[in-house]
Amino acid sequence: MLEVRNLTVSFPDETERIEAESVNKAVKGISFSMKRGEILAVIGESGSGKSMTALSIAGLLPETAASSGQIIFDGSDLMSLTKKERRIIQGRDISMIFQEPMTSLNPVMKVGKQVEEVLLLHTDLDKAERKRVVLQALEDAGLEQPEKLFYSYPHQLSGGMRQRVMIAMAMILQPQLMIADEPTTALDRRIQDQILTLLKEINEKKQMGILFISHNLEVVKDFCDRILVMYEGELVEEGTPEEIFHHPEKEYTKRLLASIPEGKKERSTDQIDRKKVLLVEHLNVYYPEKGGGRKQVIFDANFAIYEREIVGLVGDSGGGKSSLSKAILGLNICTDGLIQHYTEYPQMVFQDPYGSLNPVRSIGWILEEPLRIQRKLTKKERREQVQDILKRVGLDRTYMDRRPSELSGGQRQRVGIALALILKSRFIIADEPVSALDVTIQAQILSLLKELGREYGLSYLFISHDMAVIHEMCDRILRLEDGRIYEEK
């Protein structure tokens, strides 16, 4: 069904674009093939070229990219087609689930209209039939109350719900090839299993091929037929899950597998003589609704977080975890009850790094901004602190001049973490801080968060769907279920 031959994707240097040698190659002449109905995984570090390979096949590379090679799909070379010819294939025969649904969905268009747009472009269905198909697709993607969601805007949905809308949009025409770029990143384990089961069912019934990009190696191991391993734009190894996970040949693949969290941590629940950094008592959180009403999402929450403590917060997608964290930081004021902070400048690492970073500003400007507001520093001192925090999260000083759109998803997440750390707050809420990262970078970031916690006496409220990460990182675990907080013993 698909054959990629010697695919190269490069980004000519802006200052020396006339020199052919001055290019940054994101993909370096890779070749592979897919059979009809096959589920093929692509794994590797952030920036290894996984997404650029997927975007090449989907015909969605940025205009600044230069590509060469051949992409043979169903007998036709996609690279040789005109934009109009390729547009017929896009969406109908090849669909894509993007890594960051908030930035992929139109913020001013209701969900139903966005999903329906695919049907408008590629079918002759009437309005009533289109709506019926859209509602069924939303329900098939594990979304409750599809009629209500049809008239909702993306910002009114949780991160996991937005991801499921993207999945519904990609599945609605049952294409020959679905490219899934981290399709379950924002989903809790229960919904993740539902989505993977659904994708598997469609794959088997319709013989739909799935190119599955993921950093969750446990999902890849159980879900895919074959695996490609990429590193620095090159294809370094390929094989079945059995070959890759149990008999890896390349050193890089072995390092990748060794980075999987073990989910082990010695815990101490003794808070005697430890100072509080946060106290929450009888907290109720609401969302305002049309007509002056409000919907309650958190009921009578009571808990405390102490200095040098990492507290995990787990629960279903859309269950209110992000709503609770935003209320704690004053980003949602529709609340009652007590929220008492005992530290200055509490910060948050947001779930969607691209949506939380200013797209028109450089990374250096974004990281300097809190220092300009809160501290009387010279420009030289601010830049030195920015360079230092970038180094701490694994990025060098050259990233100061880049914009968020020029970074991979994992790199943007690291900038988001740097932004939360730059003021050296003693309390940080980390909302899925490693969900967009591959396991090697994930391990580095988790290690960094723990190291900074020890060095500066930090405390974290750590939100994640990955229970292995939660058990590895956290001293205590809070579970949010039906809007109520329970502490796990």
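How many disulfides does the structure hold?

## Cysteines

The structure, which is a predicted model, holds zero disulfides.

## The six-stranded sheet

Six strands form an open sheet in the order S6-S7-S8-S3-S9-S10, and the pairing within this sheet is mixed. Strand S6, residues 94-97, and strand S10, residues 234-239, stand at the edges with a single partner strand each, so that one side of S6 and one side of S10 are left without a neighbour in the sheet. From one strand to the next, the twist averages 20°.

Within this arrangement, strand S3 (residues 39-44) pairs with strand S8 (residues 209-213) in the parallel sense, over four bridges. Leucine 40 is placed opposite leucine 211, a residue of S8.

## Helices on the sheet

Helix H1, formed by residues 50-58, lies across S3, S6, strand S7 (177-181), S8 and strand S9 (226-231), and runs at about 150° to S7. Helix H7, formed by residues 159-171, also packs on the sheet, where H7 touches S6 and S7, and the direction of H7 makes about 175° with that of S6.

Is lysine 50 buried or exposed? Its relative accessible area is 9%, and lysine 50 is therefore buried, given that the term applies under 20%. Leaving aside residues up to four places away in sequence, lysine 50 touches Val42, Ile43, Gly44, Glu45, Ile213 and Met230. Among these contacts, Val42, Ile43 and Gly44 fall within the range of strand S3, residues 39-44, while Ile213 falls within that of strand S8, residues 209-213, and Met230 within that of strand S9, 226-231.

Most residues other than glycine have a negative phi. Glutamine 174, although it is not a glycine, has a positive phi of about 45°, and glutamine 207, likewise not a glycine, has a positive phi of about 55°.

Glutamine 174 is located in the loop between H7 and S7, whereas glutamine 207 lies in the loop between helix H8 (189-206) and S8. With a relative accessible area of 41%, glutamine 174 is partly exposed; glutamine 207, at 41% relative accessibility, counts as partly exposed as well.

## Valine 277 in strand S11

Valine 277 has its place in strand S11, which covers residues 276-288, and with a relative accessible area of 4% this valine is buried. Which residues does valine 277 touch, not counting residues up to four places away in sequence? The contacts of valine 277 are Ile305, Tyr306, Glu307, Gln340, His341, Tyr342, Thr343, Phe427 and Ser459.

Lysine 250, by contrast, is 27 residues from valine 277 in sequence, and the two residues are 46 Å apart in space, C-alpha to C-alpha.

Technical notes. Residues numbered from 1 in each chain as written. Predicted model: local features only at pLDDT ≥ 70, side-chain atom pairs only at ≥ 80, totals over all residues. Heavy atoms only, no water. Helix = DSSP H or I, 4+ residues; strand = E, 2+ residues; numbered from the N terminus. Buried < 20%, exposed > 50% of the residue type's maximum accessible area, 1.4 Å probe, protein only. Contact = heavy atoms within 4.5 Å. Pairing = 2+ DSSP bridges. Axes fitted to C-alpha atoms, helices over the stretch in contact; angles between N-to-C directions. Disulfide = S-S within 2.5 Å.
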